[in-house]
Amino acid sequence: MRIMGLDVGTKTIGVALSDPLGWTAQGLTTIRRRSLAADLAALKELVRRYGVEELVVGLPRNMNGSLGPQAEAVRAFARHLQAEVGLPVHFFDERLTTVAAGRVLLEADLSRRRRRQVIDQVAATYILQGYLDRLGQNGV
């Protein structure tokens, strides 16, 4: 069962995909946000192309666990996405995923330009892998 992970930001959407067995997450792409309709169409095409059966969306919580304005915007986007693709959409706490992704990219000695290009994709991978681990599909 393929699961897609999303890191939804105001300018980009990082996309990750699980392997067919649902054990590991790999970065897939970063979508530049243009409009709700264009963003949903791009994601719907990826869902179709890769046979995705579930979606996991990173929910940006404040450090105290509360939900702020960005979390509400992500939840609204997820409602539109679920209506568009007709698949289950789950949320996963994304606190510190972008920080962790940035740290890994720095350690990989990528240029600043290249880090900007892939950071959302790497954050989506962290979100999806965390979700897969929580499901216990990795024997954790």
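Residues are numbered from 1 along each chain as its sequence is written, and side-chain values use heavy atoms, with hydrogens and water left out. Because the model is predicted, local features need pLDDT of at least 70 and side-chain atom pairs count only at pLDDT 80 or more, while totals for chains, interfaces and linings use all residues.

Select Met4, Leu6, Ile13, Val15, Leu43, Leu55 and Leu81. These have the most contacts inside the largest nonpolar core, which has 23 residues. A nonpolar core is a set of buried Ala, Val, Leu, Ile, Met, Phe, Trp, Tyr and Cys residues joined through side-chain atoms within 4.5 Å; buried means under 20% relative accessible area and exposed over 50%, with a 1.4 Å probe and protein chains only. Helix H2 (69-85) supplies the largest share of this core, six residues. Helices are DSSP runs of H or I, at least four residues, and strands are runs of E, at least two, numbered from the N terminus.

Next, centre on Leu43. Leaving out residues up to four places away in sequence, Leu43 touches Met4, Leu6, Ile13, Val15, Ile31, Phe77 and Leu81, where contact means heavy atoms within 4.5 Å.

Last, select glycine 86, which follows H2 and has a positive phi, near 70°.
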